[in-house]
Every structure is written in structure tokens, then in C-alpha cells.
Amino acid sequence: RLPLLVGGTMLYFKALREGLHAMPGADADIRRDLDARAAAEGWPALHAELARVDPQTAARLAAHDAQRIQRALEVFQLSGQPLSAWHRLGAEHAPAAGAWPMVALEPTSRAWLHARIGQRLDQMLADGLLQEVQGLRARGDLSPTLPAMRCVGYRQAWQALDEGRLDLLRDKALAATRQLAKRQLTWLRSVPDRVVIAADARDATAAALLALKRCAQAA
């Protein structure tokens with residue numbers, strides 16, 4: 001039986017296929033300092049600092065990706081080495097090439113992708129995304145700084161409730177989801193040995209199943 005790992009979080013696939021070195025752990029003092037600086041200067045300023053010390057990591061992060069910018073600067077301050085260097089060390093212990101084949105569903109039409117993103121977001125809103133976030137806020141033990149609340153959709157809903165601008169929720173969540181999809185495609189295109197399936201083709205499902213069958217036979 002061939003196990004399948006399905007999803008869009010490229011860092012997890014990279015960790016599986018290439019390995020990750022045992023980099024420094026979290027440091028509460030450094031994180032508090034970075035949070036304070038971000039509150040005063042803004043995350044884009046810290047992103048610019050990251051670009052000076054670790055341009056490779058900064059290039060793949062959005063200027064407001066607080067969680068990942070903070071972690072990259074934290075690792076650099078603790079070790080004196082950029083996060084990208086730690087990732088390269090992990091790659092030295094990676095499994096053999098081809099041990100974890102990747103089938104990538106990549107649309108050929110940006111308009112098709114944007115339409116599907118819009119449909120998905122509208123379905124989330126119809127299914128009660130805003131009401132869910134209202135319930136999470138009412139618990140009293142969550143904040144918009146937590147990773148779970150910073151994910152796309154939830155972050156924009158929380159912000160809309162804070163600002164009382166529910167009319168802007170869909171547009172902001174739509175823009176953020178498009179940016180996320182763009183970053184995911186950038187990650188995928190950096191994997192030269194992936195098997196590419198046109199997600200917007202009529203025979204996409206059949207093509208994906210055939211690719212998986214060939215992977216199973218090769219294994």
C-alpha cells in the first residue's frame with residue numbers, strides 16, 4: 001500500500017523529502033523583544049532586517065508573515081547562522097533522491113485558480129466562518145497573535161470584527177488567499193523532480209491517478 005501525504009504546506013513536504021537540522025529552540029525573551037519591535041516599527045521593517053542577514057529566507061516570506069519572520073530572526077540571533085543555512089544542513093541528511101515522489105497539481109490558468117479560490121471562500125463564509133471566529137473570540141483564551149488565529153481567513157475575520165468592517169472581510173481574505181496560493185506555487189516550482197498535473201484540465205483526476213499508479217509501481 002502506498003501512503004499519500006496530501007496538502008498545500010510546502011515546508012512539511014520539504015522537511016520530509018530533504019530533512020531539517022536540529023536548529024535552536026524557541027527563546028521567550030527574544031520573541032518578546034521582536035514582538036515589541038514589530039509593534040513599534042511594523043513587521044515589514046523586521047522583514048527588511050531579515051533580508052539583510054538571510055536574503056534567501058526573506059525572499060520566500062511575505063512582509064507581514066509575522067510568525068515566520070520572527071522565527072527566522074530568532075534562529076539568527078541564537079546561532080549567528082541564517083535559517084536557510086540550517087535548512088541546507090538538514091538537506092545533507094535527506095533521503096535518497098526519488099524516495100518521496102511528488103505529484104503537483106498546478107493550474108495553467110490564473111483566472112481559473114482565482115475563480116476557485118473565490119468559490120472556496122464564499123463557501124467558507126456561507127458555512128459560518130465569521131460565526132466560528134466570533135465564538136473563538138468569546139472564549140477569552142485566544143488572541144490574534146496565536147498561529148492558529150493568523151491563518152488565512154481567520155486572521156481577516158478577526159480583524160474585521162476588531163475594526164467593525166465586515167464589509168471588507170471578503171476582499172481582504174480573497175487577496176490573502178491569492179497571495180498564499182502564489183507562494184505555494186513558487187515552492188512547487190522549486191522542486192525540479194515533481195510530476196506536474198494541470199489542475200484545471202478536464203482529465204486532471206485521471207492524470208493524477210495515473211501518476212500515482214506509476215509512483216507506486218516505481219516504489
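Helix packing and ring contacts in a predicted model

Tutor: In this predicted model, helix 1 (residues 10–18) and helix 10 (residues 169–189) have axes that come within 10 Å and cross at roughly 20°.

Student: Why are helix 1 and helix 10 called roughly parallel?

Tutor: Angles under 35 degrees count as roughly parallel. The axes cross at roughly 20°, so helix 1 and helix 10 are roughly parallel to each other.

Student: Which residues make the contact?

Tutor: Met10, Leu11 and Lys14 on helix 1, with Gln184, Trp187 and Leu188 on helix 10. By class, the contact of helix 1 with helix 10 holds four nonpolar residues, one polar and one charged.

Student: Which residues of helix 2 and helix 3 are in contact?

Tutor: Helix 2 contributes Leu34, Asp35, Arg37, Ala38 and Glu41, while helix 3 contributes Trp43, Ala45, Leu46 and Glu49. Five of these are nonpolar, four are charged and none is polar.

Student: What makes arginine 137 lie over the face of tryptophan 158?

Tutor: The distance limit is CZ of Arg within 6 Å of the ring centre. Arginine 137 is at 5.2 Å from the ring centre of tryptophan 158 and lies over its face.

Definitions and conventions
Residues are numbered from 1 along each chain as its sequence is written. This is a predicted model: local features need pLDDT of at least 70, side-chain atom pairs count only at pLDDT 80 or more; totals for chains, interfaces and linings use all residues. Side-chain values use heavy atoms; hydrogens and water are left out. A charge sits over a ring if NZ of Lys or CZ of Arg is within 6 Å of the ring centre and within 35 degrees of the ring normal. Contact means heavy atoms within 4.5 Å. Helices (H or I, at least four residues) and strands (E, at least two) are DSSP runs, numbered from the N terminus. Ala, Val, Leu, Ile, Met, Phe, Trp, Tyr, Cys and Pro count as nonpolar, Asp, Glu, Lys and Arg as charged, and the others, Gly among them, as polar. Axes are lines fitted to C-alpha atoms, for helices over the stretch in contact, and angles run from 0 to 180 degrees between N-to-C directions. Angles under 35 degrees count as roughly parallel, over 145 as roughly antiparallel, 65 to 115 as roughly perpendicular and the rest as oblique.
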